[in-house]
Amino acid sequence: MRYGHFDDEAREYVITTPHTPYPWINYLGSQEFFSLISHQAGGYSFYRDAKMRRLTRYRYNNVPADAGGRYFYIHDDGDVWTPSWMPVKADLEHFEARHGLGYSRMVGARGGLSVETLFFVPVGVNAEIQKVTLTNTSDAHKRVSLFSFVEFCLWNAQDDQTNYQRNLSIGEVEVEPESPTGTAIYHRTEYRERRNHYAVYGVNAVASGYDTDRDTFVGAYNGLGEAAVPRDGKAGNSLASGWYPIGSHQLDVDLAPGASQTYTFVLGYLENPRDEKWEPADEARGIKPLQVLNKTRAHELLAQFATTEQVDASFAELQAYWTRLLSTYSVTSTDAKLDRMVNVWNQYQCMVTFNMSRSASYFETGIGRGMGFRDSNQDLLGFVHLVPERARERIIDIASTQFADGSAYHQYQPLTKRGNNDIGSGFNDDPMWLVAGVAAYLKETGDWSILDEPVPFDNEPGTEVPLFEHLARSFDFTVDNRGPHGLPLIGRADWNDCLNLNCFSWEPGESFQTTENQAGGVAESVFIAAQFVLYGREFADIAERRGLDDVARHAREAVAAMEQAVLAHGWDGQWFLRAYDYYGTPIGTDADPEGKIWIEPQGFATMAGIGADVPTDAGVSRAELALDKVEEMLGTEHGNVLQFPAYTSYQVNLGEVSTYPPGYKENGGIFCHNNPWVIIGETVLGRGDKAFDLYRKITPAYREDISDVHRLEPYVYAQMIAGKEAVRHGEAKNSWLTGTAAWNFVAVSQHLLGVRPEHDGLVVAPCLGPDVPEFTVTRVARGATYTIRVQNSGVRGAQPRLTVDGTEIEGTTVPWAPAGSSVAVDVVL
């Protein structure tokens with residue numbers, strides 16, 4: 001069952017009913033100001049940090065779902081409704097919500113009135129724009145009242161939801177009934193003290209009334225759907241003093257039959273220098289200084305969007321921005337679902353994860369998590385081609401949170417860019433992800449100067465060393481922290497945060513990730529070993545290209561030793577082990593009744609080529625046998641589960657992984673993040689048909705027809721899909737902010753379609769089976785444009801033959817062309 005459709009030409013997903021199985025959301029913003037917005041206008045806005053600079057309030061885990069947002073109420077001769085359906089939920093004669101690239105457009109119609117609202121955050125502007133157009137579609141004159149509504153958060157989102165004894169007494173607002181551009185409401189809670197930032201919610205017309213006190217607007221014991229002011233049809237002109245500050249404007253609109261009226265609302269974030277916080281005294285008139293907000297910058301902001309023409313020009317700039325970004329990589333094929341995911345939605349989601357990491361979604365509150373050392377390095381793989389200059393900045397930010405021994409804070413706060421002490425360190429896969437991110441950046445840009453950039457440890461001034469030294473410390477950390485089998489010690493956890501082999505917890509509420517209560521253990525990770533082999537080779541290559549031959553030789557020797565350790569101690573006979581626990585007992589072995597086989601080491605070891613040339617009694621290599629067992633034991637119609645069988649009881653020596661019900665999250669769920677590792681592994685083995693089949697199972701556009709099962713957005717990846725042992729197999733959770741976005745873009749763009757940057761040129765080596773017989777990839781890299789036309793037989797083992805600008809070449813690497821040039825590549829596979 002579908003609840004909408006893709007509009008590929010407009011690059012939008014069109015939702016045609018408010019009754020989706022779950023709120024389907026979009027993100028507005030691309031630099032510093034961001035908004036989450038559902039198809040029912042729910043969500044919230046913040047500046048840079050969803051915890052520390054939250055502008056508007058949102059209530060997670062609430063009934064009804066998606067309670068709180070930016071709403072417009074209509075009072076039409078006693079009929080009260082909201083064009084977003086929520087929160088009034090009055091029946092609409094027409095409903096449509098279009099989620100586009102950095103904007104959402106919603107239309108609701110009832111009783112001869114159509115209301116269209118365009119929501120977007122302009123490029124480089126710290127504000128959300130709401131362009132509202134009312135159209136009289138009846139044959140009679142209409143006089144209606146429009147009421148806007150936002151509820152202000154008291155900045156710190158965590159304190160806002162907990163410290164009521166203080167918060168209910170500190171709310172402050174100012175109102176300009178007649179500002180230079182209309183009516184403006186200012187939220188200035190705590191501005192009188194340490195803060196120098198404030199919010200403005202203005203409209204480009206003089207309102208007939210306003211409200212800033214929630215209790216006045218909503219009414220005692222009412223919900224937002226039965227708010228008193230819209231039902232009365234008259235604003236209360238309330239002034240918040242403590243309690244719950246809001247922003248609401250009343251606009252009375254006269255519409256002849258067929259006529260339209262457009263208004264622009266601006267929700268903005270402003271900062272004043274500390275010596276310019278207040279309006280100056282007017283000594284000439286004998287007026288003493290008062291603590292009146294200096295609104296100069298707010299007036300300048302509102303003036304930028306005072307006319308419809310200004311708003312339209314800003315929106316056109318936003319669309320052009322996304323067109324430029326998405327022109328870097330595109331495909332035209334016989335598969336429309338493949339094209340729309342590659343060209344638009346997958347790359348768009350990669351940019352959202354660049355901005356958000358894992359901090360703010362409808363499943364992440366924006367309070368508990370910041371940017372991830374591991375997460376942001378992996379996300380970089382999916383956006384480095386889109387914004388290489390910002391990827392460079394992100395790499396420096398991440399590396400600056402590393403410790404001198406090569407380990408790192410697991411997370412850091414986006415506002416401060418400093419490590420998060422609450423989460424701490426000790427996740428032993430973290431260090432090598434920095435090598436992965438830097439290698440991807442070097443291949444994309446050729447900017448080797450980044451390796452000489454001075455970068456501190458733990459953001460401590462005076463500790464700066466070249467970035468290359470950070471890579472060396474990452475590499476050496478893994479070498480220096482190995483267990484009795486020569487495999488890397490897992491620490492608090494590796495990529496799977498829930499595999500906690502050094503935390504033996506019987507205490508309710510105790511953190512598995514930050515508690516290491518068993519010192520001196522020998523818990524080892526086969527996954528980190530495979531990661532080290534893959535990215536250790538990248539480090540050796542980087543060192544060699546810098547002329548550091550001794551460093552490169554040492555690195556290759558360490559990588560070879562690790563690969564042998566995996567083959568000797570990480571192989572269970574038919575697949576790779578997952579780990580060794582605190583006592584040295586293997587995890588992920590056929591001898592175990594549960595958790596026999598885990599996906600992570602199978603995918604990553606095969607990506608690294610481990611076992612690809614080691615035969616087995618089954619007549620195939622170890623790598624091939626491992627992926628065959630993945631398909632046999634982990635495979636489902638919705639993707640591969642993380643391990644099988646799932647754990648049915650708590651295993652204290654394994655930690656959090658065994659706390660989930662079977663089939664959910666890390667306990668036998670389909671963790672979409674690691675399915676691309678198997679996809680890539682299949683292409684390494686030349687089995688493109690298997691790779692493309694798995695790609696389609698987890699990719700949302702291919703799941704659109706089962707939206708009633710999948711439940712979440714059919715245009716972006718989810719972190720998890722319930723596994724085969726779950727009650728609701730196939731149901732997704734945790735959409736948008738997931739490493740799946742980056743990894744699946746890497747899988748499809750670089751390995752299935754097969755166009756990927758390497759140090760010496762653009763590699764063209766497609767591998768996706770027979771279902772896409774021909775396609776064309778356009779790839780902009782280092783300033784040159786490559787047009788790659790592929791004729792694909794889909795035959796396993798077929799080797800591509802490349803013709804570049806009419807001349808056949810040896811191998812699959814197209815040398816880098818000068819910036820500004822165009823290169824035609826024809827491929828026969």
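Biologist: In which loop is P87 found?

Modeller: In this model, which is predicted, P87 is found in the loop that runs between strand 8 (79-81) and strand 9. The peptide bond leading from M86 into P87 is cis, with omega near 0°.

Biologist: Which other residues does a cis peptide bond join, and what is omega there?

Modeller: F644 and P645 are joined by a cis peptide bond, and omega is about -15° in that case. As for its place in the chain, P645 is found in the loop between strand 31 (643-644) and strand 32 (670-671).

Biologist: What is phi of A41, and is the value positive or negative?

Modeller: Phi of A41 is near 70°, which is a positive value in a residue other than glycine. A41 is found in the loop between strand 4 (33-38) and strand 5 (43-47).

Biologist: How many bridges join strand 9 to strand 10?

Modeller: Six bridges join strand 9 (residues 94-99) to strand 10 (residues 103-110), and the two strands run antiparallel. If you wish to find one place in this pairing, look at E96, which stands opposite V107 in strand 10.

Biologist: Which residues does UniProt list for the domain named "Glycosyl hydrolase 94 supersandwich"?

Modeller: The UniProt record, an unreviewed entry, lists residues 11-274 under that name. Over residues 11-274 the chain is 7% helix and 47% strand, while the end C-alpha atoms are 43 Å apart.

Biologist: What is the order of the open sheet of three strands?

Modeller: That sheet has the order 35-36-41, and its pairing is antiparallel. Strand 35 (755-758) and strand 41 (813-815) are the edge strands, each pairing on one side only, and the twist averages 30° from one strand to the next. Strand 36 (residues 761-764) pairs with strand 41 over three bridges in the antiparallel sense, and V763 stands opposite T813 in strand 41.

Biologist: What volume does the largest pocket have, and which residues are the closest to its centre?

Modeller: The largest pocket has a volume of about 1,000 Å³, and of the 48 residues that line it, the closest to its centre are I680, Q750, H751, R756 and E758. Among the elements that give two or more residues to this lining are helix 10 (430-445), helix 12 (526-545) and strand 35, but helix 19 gives the most, with six residues. The lining divides into 25 nonpolar, 13 polar and 10 charged residues.

Biologist: How much space lies in the second largest pocket?

Modeller: About 760 Å³ of space lies in the second largest pocket. It is lined by 36 residues, of which E364, R369, D497, K665 and Q719 are the closest to its centre. This lining divides into nine nonpolar, 18 polar and nine charged residues, and it draws at least three residues from each of domain 2 (367-477) and domain 3 (482-698).

Technical notes:
Residues numbered from 1 in each chain as written. Predicted model: local features only at pLDDT ≥ 70, side-chain atom pairs only at ≥ 80, totals over all residues. Heavy atoms only, no water. Pairing = 2+ DSSP bridges. Helix = DSSP H or I, 4+ residues; strand = E, 2+ residues; numbered from the N terminus. Axes fitted to C-alpha atoms, helices over the stretch in contact; angles between N-to-C directions. 1 Å grid on protein atoms, 1.4 Å probe; cavity = no way out; pocket = protein on both sides within 12 Å on 5 of 7 lines; lining within 4 Å. Points joined across faces, edges and corners; volume = space filled by probe spheres on them. Nonpolar A, V, L, I, M, F, W, Y, C, P; charged D, E, K, R; others polar. Domains from an automatic or database assignment. UniProt positions renumbered as here; feature names shortened; annotations may be inferred.
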